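Here are a few exercises to work through with the structure open beside you. Try each task before you read its solution.

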Amino acid sequence: MKLPLLTKETMSIKGQDLLAKIRHDFIGLDTEYETVDGNKSRRIYLDTTASSLMMGVAHRSSNDFLKHYSNTHSLLHFSAKISTKTYQWIHNRILDFVHADPNEFTCFFMGSGVTAGMNRMAKTLNRIRPERDMVIVSIMEHHSNDLPHRKHGGKVMHIPINKNNTNMGGIDMEIFEKYLIQFHDRINYVSITGLSNVTGIINPINKIAKLAHKYGAYIIVDAAQMAAHVPIYMSGFDDKDLEIDALLFSGHKTYAPGSPGVVIARKSFMSAIEPEEVGGGMVDKVFPENYFVSKQFPNREEAGTPNILGAITLGCAIHVLDSIGMDNILKKDLQLTNYAIEKMKEFKDIFIYGDSVDDDSKRAGTISFNILGLDHGLVAAILNDYFNIAVRNECFCAHPYVEKMLHMTHSEELEQLDCLDDHLSWKVEPWMGMVRASFGLYNTIDDIDFLLKSLEQIIDRKSYFIDNYSVNENGDYQHKSFNFSSKDFFSLTGSIDKNILST
Ligand SMILES: Cc1ncc(COP(=O)(O)O)c(C=O)c1O
């Protein structure tokens with residue numbers, strides 16, 4: 001059941017039209033910086049995979065809320081009633097967004113992204129089934145969906161990458177099943193990314209869930225990237241094995257910076273043990289010698305005063321995404337990503353990581369690449385300094401996956417490192433990494449064309465650019481004559497002064 005849109009006016013605006021209406025309404029789309037040539041130009045933001053820009057309507061709605069701002073733990077005054085009701089509405093709205101049956105699942109907020117919630121879920125599932133001492137993740141994972149399981153979940157096994165594709169890409173389902181069969185009585189749960197933050201490959205999460213359930217394992221999905229790009233169905237299937245047992249995402253990657261991390265999990269998991277965090281708001285009664293934890297969701301999982309304002313921003317952004325329709329969003333996203341991939345492939349000097357021919361492994365929103373003969377750090381610096389294009393580089397907190405992919409372009413260098421075989425002398429080499437261009441709702445074909453033109457110029461004038469840069473003591477590429485001073489564009493005290501003077 002879909003919750004209704006808030007007003008009749010917005011109800012009449014249908015998906016694609018709503019997308020067209022809001023796509024220019026993100027804060028920071030007109031930000032300008034001065035580049036090497038001394039001219040100011042508009043920044044092209046291609047770093048959405050790290051953090052997306054703020055949806056304007058979400059920001060304005062949370063500002064509207066501010067005049068009613070109050071603590072959700074206060075109960076009886078008017079503002080507290082407004083805060084509490086809105087805060088509850090957001091939890092239900094998110095369950096709806098991921099198609100999670102509210103009778104079976106709860107949604108709660110913690111931390112500032114996926115990381116805190118993933119640590120919590122690892123501890124929770126480990127405590128529920130301590131006799132199962134193993135966890136499966138994939139080699140594709142962001143460290144936040146790997147290290148929490150190593151530390152709290154059990155012995156972690158990594159599903160390797162499918163090498164049958166033309167290039168490396170999604171997870172190897174055959175090996176995955178082999179692990180499940182071999183360790184079926186030991187594997188507690190599988191935790192898998194819905195969409196890779198390196199290659200943009202979308203994993204078939206419900207198919208993976210079915211396989212995990214077949215062998216008695218639970219499934220967690222890291223939807224940090226997936227939530228803003230792909231429709232998610234946690235439940236509602238005739239076949240219960242397709243259901244996702246827990247799913248997490250980050251509000252700052254769903255156009256709501258400053259919002260909390262989101263966990264959606266089976267109520268049966270969360271009520272089986274006492275919550276990990278204790279404090280105000282999650283207890284019914286406290287005595288000097290004992291206390292009684294609330295049975296109510298999400299209260300029992302959210303100790304302390306929540307990030308109410310961030311949740312309001314998040315609820316608004318999710319509501320808008322769902323009103324546009326995640327199918328519509330994915331369609332646009334695939335069009336843009338495929339267009340960029342196809343055009344980039346025309347450059348023989350560009351190597352794109354993670355091509356996949358598998359039907360289950362589509363790619364959305366993220367492309368990682370290298371320009372042959374140039375370090376990733378140099379390319380990212382040139383894109384920024386000369387073309388005002390913001391991209392990310394290095395290993396994107398996914399070292400094992402990036403390393404596997406780098407074998408496609410840097411096998412000799414990697415073999416030499418393998419020879420050293422000494423983790424203590426391991427150091428980051430300047431070639432270790434990639435450049436990542438990633439897209440959000442606000443990016444257009446024009447942005448991609450500008451990226452392509454810029455890459456073409458970089459390829460045509462490699463030695464010119466190499467000559468203009470040196471590597472500083474931190475190992476970063478720095479232009480020899482151009483300096484950027486962040487305080488020329490923003491200083492907190494400057495902003496405070498300006499805002500005080502304007503009141
Ligand atoms: C796939 C994936 N998982 C987990 C995370 C961690 O999310 P956060 O930093 O919001 O906790 C990220 C962040 O980039 C990510 O891309």
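**Exercise 1.** What covers the buried residues of H7? Keep in mind that this is a predicted model.

*Solution.* Start with the helix itself: H7 spans residues 173–182, and its buried residues are Phe 176, Tyr 179 and Leu 180. Viewed down the axis of H7, these residues fall within an arc of 100 degrees, so they line one face of the helix. Next, turn to the other side of H7, where Glu 174, Lys 178, Ile 181 and Gln 182 are exposed. Finally, look at what lies over the buried residues: the cover includes strands S7 (134–138), S8 (155–159) and S9 (187–193), together with helix H8 (205–214).

**Exercise 2.** Find the buried residues of H8 and say what they pack against.

*Solution.* First, pick out Ile 205, Ile 208, Ala 209 and Ala 212, which are buried in H8. They span an arc of only 105 degrees around the axis, which puts them on the same side of H8. Then follow their contacts: the buried residues of H8 pack against H7, S9 and strand S10 (218–222). Just after H8, notice Gly 216, with a positive phi of about 80 degrees.

**Exercise 3.** In what order do the seven strands of the open sheet stand?

*Solution.* Reading across the sheet gives S6-S12-S11-S10-S9-S7-S8, with mixed pairing. S6 (105–110) and S8 are at the edges and have a single partner strand each, so one side of each is left without a neighbour in the sheet. On average, neighbouring strands of this sheet are turned by 20 degrees against each other, direction ignored.

**Exercise 4.** Is strand S16 largely enclosed or open, and why?

*Solution.* Count along residues 366–371: five of the six are buried, so S16 is largely enclosed by the rest of the structure. Then check its pairing. S15 (residues 350–352) pairs with S16 in the antiparallel sense over three bridges, and Ile 350 stands opposite Ile 371. S19 (residues 434–438) also runs antiparallel to S16, joined by four bridges, with Thr 366 opposite Ser 438.

**Exercise 5.** How do the residues of the shell around the ligand divide?

*Solution.* List the shell, which includes Gly 113, His 142, Asp 222 and Ser 250. Sorting the shell gives two nonpolar, nine polar and one charged.

Notes
Residues are numbered from 1 along each chain as its sequence is written. This is a predicted model: local features need pLDDT of at least 70, side-chain atom pairs count only at pLDDT 80 or more; totals for chains, interfaces and linings use all residues. A residue is near a molecule or strand if its C-beta atom, placed from the backbone, lies within 6 Å of it. Ala, Val, Leu, Ile, Met, Phe, Trp, Tyr, Cys and Pro count as nonpolar, Asp, Glu, Lys and Arg as charged, and the others, Gly among them, as polar. A residue is buried if 20 or more other C-beta atoms lie within 10 Å of its own, exposed if 12 or fewer, and partly exposed in between; C-beta atoms are placed from the backbone. Helices (H or I, at least four residues) and strands (E, at least two) are DSSP runs, numbered from the N terminus. The arc is that of the directions from the helix axis to the C-beta atoms. Two residues are in contact if their C-beta atoms, placed from the backbone, lie within 7 Å. Two strands pair if DSSP finds at least two bridges between them. Axes are lines fitted to C-alpha atoms, for helices over the stretch in contact, and angles run from 0 to 180 degrees between N-to-C directions.
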